[in-house]
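Please look through the structure below.

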Amino acid sequence: MPDYFSGPLAAIRQTIGVPIVYRRGATSIAIAQAVRGKRLTAPTDLQGNTVSTQRPDWIIAAGDLKNGATQWYPQDGDQIDYQPASGPLETYRVDPDGTGRAYEVSDTAGTTWRIHAIRI
């Protein structure tokens with residue numbers, strides 16, 4: 001299957017990407033170009049009502065999430081720090097979606113990941 005998305009996704013990261021720090025325990029990886037996205041979720045409350053919410057995602061190049069030669073895969077509980085140009089540091093925790101996935105592949109080549117998170 002042809003990969004129509006890798007190039008445009010890389011261009012988006014280069015154009016509007018921001019630096020973040022991805023942390024797992026005491027180890028961190030600086031990522032130069034990440035894009036903050038969002039996804040709509042529709043959980044059900046205790047009465048069976050659907051409540052729509054928006055949750056943050058971080059879109060990165062999969063190859064940027066390496067600790068030396070070791071590829072990391074996003075895991076529940078990892079953290080992402082983002083320092084806006086103005087304002088306080090924002091910290092996000094990797095938080096799997098309703099299917100239990102901490103991230104999704106965004107292109108057919110698997111070069112771009114959408115990491116599911118929640119701001120803490």
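The model is a predicted one, in which local features need pLDDT of at least 70, side-chain atom pairs count only at pLDDT 80 or more, and totals for chains, interfaces and linings use all residues. Residues are numbered from 1 along each chain as its sequence is written, and side-chain values use heavy atoms, leaving out hydrogens and water.

Rings of Phe, Tyr and Trp (its six-membered ring) pair if their centres lie within 6.5 Å; planes under 30 degrees apart are stacked, over 60 edge-to-face, and the rest tilted. The count under this rule is 6 aromatic pairs. One of them joins W58 and Y92 edge-to-face, with 5.4 Å between centres and 75° between planes. W58 belongs to strand 3 (residues 53–61) and Y92 to strand 7 (residues 90–94), so the pair ties together parts 34 residues apart in sequence. Together with Y82, these two residues form one aromatic cluster.

Strands are DSSP runs of E, at least two residues long, numbered from the N terminus; two strands pair if DSSP finds at least two bridges between them. Strand 3 pairs antiparallel with strand 9 (residues 112–119) over 5 bridges, and W58 stands opposite I115 there. Strand 7 also runs antiparallel to strand 9, joined by 3 bridges, with R93 partnered by I118.

Notes
Helices (H or I, at least four residues) and strands (E, at least two) are DSSP runs, numbered from the N terminus.
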